Amino acid sequence: MSLELLLFLILFPLLTAVLCLVLPDHPIRRWVIRVSGVLIGAGAVYLLVTSYDSGMRLIDVPHEPVGMIMQVIVLAIALLVLYLGVRYRKPLAVGLILVQTALVQYFEFQYAPGLAMEANLFVDEFSIIMALIIGVIGSLICIYAISYMRCYHEHHPEIEDRRRSFFFIMFVFLSAMFGIVFSNNLLWFFFFWEVTTLASFLLIGYTRTEEATNNAFLALHMNLLGGIGFALALLYIGVTGAPLGLDRLVEGGAAVALVPAVLIAFAGLTKSAQLPFSSWLLGAMVAPTPVSALLHSSTMVKAGVYAIIKFAPVLSGTVPGLMVALVGGTTFFLASAMAITQSNAKRMLAYSTIANLGLVVACGGIGTYEAVWAAILLIVFHAVAKSLLFLSVGTVEHQIHSRDIEDMDGLIVKMPRVAAMILIGITGMFLAPFGMLISKWASLRAFIDAPGGLVFVLLIAFGSGVTLFFWAKWLGRLITRPLDEENIEGRVKTEEISVLFALSALVIGVCLLFPRIAHSLVEPYVLSIYGMVTQLGQDNEIIMILMLAMILVLPLTMLYFGNGRDRRKLDVYMSGRATTPDMHFKGSAGIDRQLSLHNYYLEGYFGEGKLMRIGVAVSVLLVLTMLELIVVPGVLA
Amino acid sequence: MAYMKRSPWIIHYDGSSCNGCDIEVLACLTPLYDVERFGIINTGNPKHADIFVVTGSVNEQGRQVIRNIYDQMPEPKVVAAFGICACSGGIFRECYNVDGGIDQVIPVDVYIPGCPVRPEQIIDGIVRALGVLEEKLAKMKEDGR
Amino acid sequence: MIAWLYGIAFVILAPLLGGLVAGIDRRVTARMQGRVGPPILQSFYDVGKLFEKERAYVRASQNFYILGYLIFIAFSGALFFAGGDLLLVIFALTLSHIFLVIGAYSVTSPYALIGAERELIQLMAVEPMIILVSVGFYLASGSFYVSEIAAYGGPLILLLPGVFIGFFYALTMKLRKSPFDIATCHHAHQEIVKGVTTEFSGSTLGMVEIAHWYEAVLLIGITWLFFAWNPLVAVVAVALVYLAEIFIDNTTARAKWGFALGSIWLVTLVSTVANLAVFYIGGMA
């Protein structure tokens with residue numbers, strides 16, 4: 001049963017992708033996307049229902065002819081990248097793909113036939129969680145993209161309408177992500193990994209403007225570099241005869257698997273946009289919003305941290321593991337600090353994504369059972385809240401024609417429902433009873449007990465303070481309303497709003513169900529790997545739920561305060577100046593002026609350029625140390 | 001209840017005074033007179049204030065401001081005109097740019113003349129204002145607000 | 001069960017204690033300035049008056065946010081005195097302050113906005129120290145639960161002197177004392193109008209005041225934990241700490257926010273690293 005289901009999840013998005021490619025822009029295609037989205041989500045949920053309590057299961061799929069097909073596709077990808085690299089004159093991409101292909105082909109012919117694989121696919125609680133994220137959130141993003149992209153092309157007539165290939169790549173992306181989380185054979189894992197690299201490259205370059213092309217190649221360069229790390233890991237496995245199966249390799253522990261684990265963690269760092277490699281994710285903002293949402297929440301970057309967490313037991317307690325964790329910790333703090341100076345909502349979200357993934361990476365590098373527990377929850381909560389935020393910003397951008405946070409004042413009046421959903425998303429990212437904060441709390445506890453944990457405790461303590469600042473000021477901006485705005489929400493397409501509703505419900509639902517998710521999925525997984533498990537404590541869970549309930553009930557007091565009955569409305573204090581309702585006042589010499597309010601960005605203290613330089617320097621040092629730590633002993637031996 | 005009397009918070013506005021009265025008002029906060037004994041605080045913010053203390057006469061520029069500050073004070077509130085200029089315009093009454101006392105713009109409850117008004121007078125004036133404040137509170141409650 | 005009673009007792013008694021502390025604070029301040037000062041119960045008179053005033057508003061939603069502020073600050077204090085998880089207490093406290101900030105944002109006033117931004121800077125400045133205090137307690141006593149930290153039995157202050165110094169430094173800001181009262185303070189005159197509370201009047205302002213009382217008691221509670229092994233010492237120590245804060249309040253002028261943020265972070269970093277590193281080095285040996 002599971003086999004069919006896994007194959008369905010991997011192959012069905014592919015079928016949809018092909019349908020999107022061949023069908024013209026017609027209601028039929030839209031319905032295909034909608035129905036497929038629902039089916040993929042349903043498939044993921046069905047997987048949860050049928051296998052959540054059956055632990056880790058290996059599933060045997062014959063390697064051939066699948067391996068053959070993959071081989072062909074890998075070569076095709078290489079040729080495509082080669083062609084594009086030559087066409088756009090990007091020698092670096094050409095060089096990287098040549099090196100990578102050479103490594104992989106060498107492995108394929110020299111070693112792959114000799115390595116026995118017991119099972120190529122597997123499913124465990126962690127992959128169920130990932131499948132749910134990909135299936136449910138990924139599909140919702142695809143459904144959202146239907147009306148978004150139509151709107152997008154209406155707003156941007158200069159951009160060629162290539163929606164067919166857009167949806168094709170989106171669904172291929174989903175398929176590859178399912179492939180990553182279900183692959184036990186590292187060769188398969190690598191194949192799907194490379195597909196996501198290519199898919200993200202094509203999606204970022206969708207608009208084909210010069211900026212988009214450059215940023216797409218930036219992403220490609222970095223991910224190909226990571227891919228080379230992955231290929232080297234495969235080669236190492238081939239040379240030393242270590243198991244090619246993920247399960248056996250991780251069981252082998254640091255003695256067997258440290259070198260491939262570090263190399264794959266390196267690949268994971270590039271894919272999850274950790275610090276020296278963060279710029280590609282920032283550059284990816286040029287793509288249409290659903291792409292950003294997909295890259296940031298449910299796919300791509302999550303593939304990176306998934307790989308690192310899979311190898312967390314191997315990294316745990318090793319010095320290279322500590323280096324991985326330090327890269328993550330540094331990224332968490334610095335990216336959060338840089339987010340303060342951003343007024344572009346998407347860019348701010350990007351920094352926040354990088355920061356939160358940094359926290360996950362830090363947990364993965366520490367690799368204790370507590371840390372992994374926290375990391376998985378971080379992934380879940382981040383995925384739901386971040387996808388909601390990205391899509392909401394996309395919707396807002398289409399209505400107010402700006403993605404600048406400073407332009408979002410009065411949004412609570414202009415687009416009350418969307419603003420409320422952004423509020424839910426923001427609070428979901430940093431406030432107390434919501435998931436991200438629970439997870440941060442859990443990771444703090446994990447760090448305290450880890451050796452050398454003080455550094456991480458400090459990074460997380462200062463990082464939390466900074467996080468607070470940039471989220472809260474955005475929150476405030478939405479609620480500020482200097483003008484008597486009219487409600488323009490009616491212009492938003494019903495479908496977009498429905499997706500946002502679904503995601504908001506998910507953010508709240510995941511928080512309410514958090515103890516259940518932790519007990520039924522995360523804890524069994526951690527238990528099966530470490531033989532130990534952590535818990536938040538039942539009383540704390542109750543308090544959390546209580547707080548959430550209070551927050552949800554509190555708006556009811558608006559009914560009492562809201563109507564302003566028996567109350568007098570006062571004007572805003574403007575030092576005694578009389579002010580009109582839309583905040584005009586007489587300035588000096590009687591000149592008519594309008595009040596405008598702006599947030600603090602503290603550029604002098606948290607300047608992006610300054611911090612980025614520090615961050616890149618520190619993280620390059622850490623990454624190089626990490627790599628040397630595995631290379632030097634190898635050379636000496 | 002008696003809270004209103006025990007915690008009068010002030011906002012002080014200088015209409016077009018020569019600053020004589022202003023200095024005296026601030027002198028009340030010094031250790032010698034220490035009006036905080038009576039719970040009096042100089043808030044500098046109409047939203048927090050109960051007593052509107054105005055020094056100096058009204059001129060064209062100040063009209064709107066006085067009105068605005070007065071409007072922004074929550075009920076019950078009392079206006080105290082401190083110094084002869086605030087009461088009637090004083091020696092500046094006939095100036096081309098002076099409209100006269102504060103009562104040209106808003107209803108004044110307590111008039112305390114003097115040039116400048118002395119701190120003892122100021123304290124006395126505020127105590128009188130407290131009586132008015134109490135009355136207004138009682139009336140407000142009667143009206144069911 | 002007893003724990004919950006403590007929590008409920010806090011919700012009821014903390015405003016009384018907090019109001020009293022605020023009154024004593026003002027009185028002591030006055031004496032330091034050579035004045036007589038207001039009655040000890042002055043804070044209660046003030047809040048009583050505020051609730052007698054007209055219910056006016058600038059934005060109808062402001063009361064909702066301020067109510068949230070009050071409720072969550074009481075909640076976090078109750079959690080603390082019920083012996084709950086210290087980190088959770090801190091997170092609830094942060095949540096409550098976010099409500100205050102959002103309330104200040106919602107009124108759309110230039111002065112309240114500056115106050116809100118400064119309140120956020122204040123939160124950002126103090127948050128690391130507060131988290132590190134709980135980490136320090138955990139490393140020293142082995143638990144995050146207030147009940148267990150309080151029952152630790154030994155003088156935690158001797159294990160955590162550096163953390164205490166950092167906490168004391170940050171406490172100045174938490175209690176809204178000069179030189180770090182950058183968002184709003186109890187004395188006017190060094191204020192950009194009235195910071196966060198500029199647009200709040202009457203009962204709304206009254207709720208803010210009560211929330212301050214709750215917070216003061218909660219902070220006193222955290223200070224107490226350092227000395228909890230001996231109640232007599234604890235009472236004296238807490239009194240001295242508070243007195244010292246009043247003294248600092250009266251002898252310093254308000255600092256710029258940049259200095260406030262920078263110096264608090266620096267003190268936090270130096271004092272806690274020096275102190276907590278001992279636990280890690282000790283733990284490894």
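Hi everyone, let's start with two helices in chain A: helix H20 (residues 435-449) and helix H21 (residues 453-479) have axes that come within 7 Å and cross at roughly 155 degrees. Angles over 145 count as roughly antiparallel, so H20(A) is roughly antiparallel to H21(A). The crossing of this pair, H20(A) with H21(A), is left-handed. Before I go on, please keep in mind that this is a predicted model.

Which residues make the contact between H20(A) and H21(A)? From H20(A) we have A:Lys440, A:Ser443, A:Leu444, A:Phe447, A:Ile448 and A:Asp449. From H21(A) come A:Gly453, A:Phe456, A:Val457, A:Ile460 and A:Ser464. By class, the residues of the contact of H20(A) with H21(A) are 6 nonpolar, 3 polar and 2 charged.

Now over to chain B and its sheet. Here 5 strands form an open sheet, in the order S2-S1-S3-S5-S7, and the pairing is parallel. Which strands sit at the edges? They are strand S2 (41-42) and strand S7 (110-112) of chain B, each pairing on one side only.

Let's walk across that sheet. Strand S1 (residues 9-14) of chain B pairs with S2(B) in the parallel sense over 2 bridges, and there B:Trp9 stands opposite B:Ile41 of S2(B).

Two helices pack on this sheet. Helix H2 (residues 20-27) of chain B touches S1, strand S3 (51-55) and strand S5 (78-82) of chain B, and its direction makes about 140 degrees with that of S3(B). Helix H5 (residues 119-142) of chain B touches S3, S5 and S7 of chain B, with a direction at about 160 degrees to that of S5(B).

You'll have noticed S5(B) coming up for both helices, so to speak, let me stay with that strand. Is S5(B) mostly covered or uncovered? Mostly covered: 5 of its 5 residues are buried. B:Val78, B:Ala80 and B:Phe82 point one way from S5(B), while B:Val79 and B:Ala81 point the other way. On one flank, S3(B) and S5(B) pair in the parallel sense over 5 bridges, with B:Val53 opposite B:Ala80 in S5(B). S5(B) is also joined to S7(B) by 3 bridges, and these two strands run parallel. There, the bridge partner of B:Phe82 is B:Ile112 in S7(B).Last stop: how the chains meet. In the contact of chain A with chain C, 47 residues of chain A touch 52 residues of chain C. On the chain A side, H20, H21, helix H24 (538-553), helix H25 (557-562) and strand S3 (568-569) each supply at least two residues. Which element gives the most to that side? H21(A) does, with 15 residues. The side of chain A that touches chain C divides into 31 nonpolar, 10 polar and 6 charged residues.

Strands meet across these chains too: S3(A) and strand S1 (residues 56-57) of chain C run parallel and are joined by 2 bridges. A:Lys569 stands opposite C:Tyr57 in S1(C).

Finally, chain B with chain A: 9 residues of chain B are in contact with 7 residues of chain A. On the chain B side, the residues are 3 nonpolar, 4 polar and 2 charged.

Terms used: Residues are numbered from 1 along each chain as its sequence is written. Chains are lettered from A and ligands numbered from 1 in the order in which they are written. This is a predicted model: local features need pLDDT of at least 70, side-chain atom pairs count only at pLDDT 80 or more; totals for chains, interfaces and linings use all residues. Axes are lines fitted to C-alpha atoms, for helices over the stretch in contact, and angles run from 0 to 180 degrees between N-to-C directions. Helices (H or I, at least four residues) and strands (E, at least two) are DSSP runs, numbered from the N terminus. Angles under 35 degrees count as roughly parallel, over 145 as roughly antiparallel, 65 to 115 as roughly perpendicular and the rest as oblique. A crossing is left-handed if the near helix is turned anticlockwise from the far one by less than a right angle, and right-handed if clockwise. Ala, Val, Leu, Ile, Met, Phe, Trp, Tyr, Cys and Pro count as nonpolar, Asp, Glu, Lys and Arg as charged, and the others, Gly among them, as polar. Two strands pair if DSSP finds at least two bridges between them. A residue is buried if 20 or more other C-beta atoms lie within 10 Å of its own, exposed if 12 or fewer, and partly exposed in between; C-beta atoms are placed from the backbone.
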